[in-house]
Amino acid sequence: MPHILIVEDETIIRSALRRLLERNQYQVSEAGSVQEAQERFTIPTFDLIVSDLRLPGAPGTELIKLGQGTPVLIMTSYASLRSAVDSMKMGAVDYIAKPFDHDEMLQAVARILRDRQSVQASGEAVASKATNGAAKAGPDNSNGEIGIIGSCPPMQDLYGKIRKVAPTDSNVLIQGESGTGKELVARALHNLSKRAKAPMISVNCAAIPESLIESELFGHEKGAFTGASAGRAGLVEAADGGTLFLDEIGELPLEAQARLLRVLQEGEIRRVGSVQSQKVDVRLIAATHRDLKSLAKIGQFREDLYYRLHVIALKLPALRERGADVNEIANAFLARQSARINRTDLKFAADAEQAIRHYSWPGNVRELENAVERAVILSESPEISAELLGIDIELGDLEDDEFIGLPPQQGGGNSGNNNHEPTEDLSLEDYFQHFVLEHQDHMTETELARKLGVSRKCLWERRQRLGIPRRKTGVASES
């Protein structure tokens with residue numbers, strides 16, 4: 001169980017944070033100042049230190065040196081944003097603004113601990129290779145420095161591109177469905193870049209109200225609008241010297257797009273309400289699940305900004321396109337969630353392994369992680385079943401893909417008329433739907449798949465997409 005040290009002088013905040021972390025299966029110790037932490041604990045033995053920036057006596061950044069490599073997460077108010085960025089330049093692993101959202105804090109803690117574990121595992125692997133002589137030939141699937149699980153060909157290609165792109169200052173556009181891990185790719189690009197010691201500021205453009213987004217990104221001067229009682233640096237300014245990651249950039253309003261374009265073209269920003277510009281040095285990484293080129297054609301996204309962003313495009317495959325990676329990722333999630341509740345006996349049953357491999361995962365990695373977390377919490381036996389994962393799938397239809405590539409066969413079967421070629425007025429989808437509805441009462445799923453020249457997995461996926469339910473009556477059961 002990870003051991004976390006909280007250093008916070010406000011008792012209410014410290015106690016609330018302790019309860020939050022303990023409820024999520026972390027071991028927690030606390031102190032009210034750096035001096036108290038030194039007197040009571042051996043600081044380098046902790047897995048993570050969460051500290052307020054402003055403390056009685058020494059500031060929270062002092063723990064960076066005292067931790068001797070232990071990651072330090074700095075808490076600070078929005079008014080002290082620049083101080084937080086400075087603390088990251090001193091070696092803090094990340095910062096979080098107070099008052100913080102509970103989910104935001106838990107996500108930050110989990111990510112930092114995961115990154116620490118990946119770095120340690122990578123270091124152990126390097127040490128092992130050094131001890132045992134030359135490394136074995138063949139592709140390296142550990143990807144420890146990238147921090148992403150999976151070794152399928154599309155991901156290996158992506159890893160290669162990340163390693164080539166990361167050392168440059170080129171803008172990068174990451175494309176992929178929701179939940180595929182676009183922020184992990186952005187973080188890998190930052191960690192492998194020459195800006196790795198500078199901050200990476202992540203912004204979800206869809207989560208900020210349109211009326212506030214320009215102020216949040218570019219900052220504002222005192223009196224710029226109602227409620228602006230003091231000037232404040234924006235998130236672009238906070239990323240100066242580092243990386244700015246804009247997630248869901250397709251949701252950015254056109255006015256903010258124009259300001260962002262100025263940052264990319266001129267390398268400068270102007271706070272809301274200011275007449276003065278100031279230089280910034282940021283590398284932009286953007287991500288979206290939308291087709292920005294199509295949005296640009298209909299005027300919903302600036303075409304000039306699109307081409308500025310599209311210097312290098314990285315495409316993340318959906319989970320259903322990653323083959324056996326899905327089981328590897330599921331087992332990693334299982335190990336992580338099991339550790340959080342101190343269980344070492346949990347494993348996936350055979351039906352769960354099969355369901356994980358063949359389910360289409362429309363929510364991608366995020367959906368898989370949630371399913372595994374739910375199953376671990378609810379599991380009463382060592383084996384986690386497909387039912388416990390909550391996967392709505394007909395396991396009987398998911399045998400090996402023995403019929404992939406077979407052409408539709410003519411003749412045979414139980415139907416009196418088996419010559420059903422697509423006609424000019426029927427699309428392939430129409431033909432598929434027509435054929436299945438006509439024959440499913442008297443043909444098994446295997447026979448239907450053979451006739452259509454597809455695997456049973458493909459048949460099931462098309463049923464799901466077209467909304468054609470299986471009919472159980474009148475069909476012989478398949479062994």
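**Asking why: helix packing and burial**

Analyst: Helices α13 and α14 are oblique to each other. This is a predicted model, where local features need pLDDT of at least 70 and side-chain atom pairs count only at pLDDT 80 or more, while totals for chains, interfaces and linings use all residues. Residues are numbered from 1 along each chain as its sequence is written, and side-chain values use heavy atoms, with hydrogens and water left out.

User: What makes α13 and α14 oblique?

Analyst: Their packing angle is about 125°, with the axes 8 Å apart. Axes are lines fitted to C-alpha atoms, for helices over the stretch in contact, and angles run from 0 to 180 degrees between N-to-C directions. Under 35 degrees is roughly parallel, over 145 roughly antiparallel, 65 to 115 roughly perpendicular, and the rest is oblique. An angle of about 125° falls in the rest, so the pair is oblique.

User: Which residues of α13 and α14 meet?

Analyst: On the α13 side you'll find Val326, Asn327, Ala330 and Asn331, and they meet Glu353, Ile356 and Arg357 in α14. Contact here means heavy atoms within 4.5 Å. The residues of this contact split into three nonpolar, two polar and two charged.

User: Why is α13 called oblique to α15?

Analyst: Helix α13 (residues 325-340) and helix α15 (residues 364-378) pack at about 45°, their axes 9 Å apart. That angle makes α13 oblique to α15. Among the α13 residues in this contact are Phe333 and Leu334, and α15 brings in Leu368 and Val372, among others. Sorted by type, the contact has nine nonpolar, two polar and three charged residues.

User: How do you know whether His190 is buried or exposed?

Analyst: Look at its relative accessible area: under 20% is buried, over 50% is exposed, and in between is partly exposed (1.4 Å probe, protein chains only). His190 comes in at 3%, so His190 is buried. His190 sits in helix α7 (residues 182-191). Leaving aside neighbours within four places in sequence, His190 touches residues including Arg195, Met200 and Thr243.

User: What about Asp52: buried or exposed, and why?

Analyst: At 7% relative accessibility, Asp52 falls on the buried side, so buried is the word. Asp52 belongs to strand β3 (residues 48-52), and its contacts, not counting residues up to four places away in sequence, include Val7, Met75 and Lys98.

Technical notes. Helices (H or I, at least four residues) and strands (E, at least two) are DSSP runs, numbered from the N terminus. Ala, Val, Leu, Ile, Met, Phe, Trp, Tyr, Cys and Pro count as nonpolar, Asp, Glu, Lys and Arg as charged, and the others, Gly among them, as polar.
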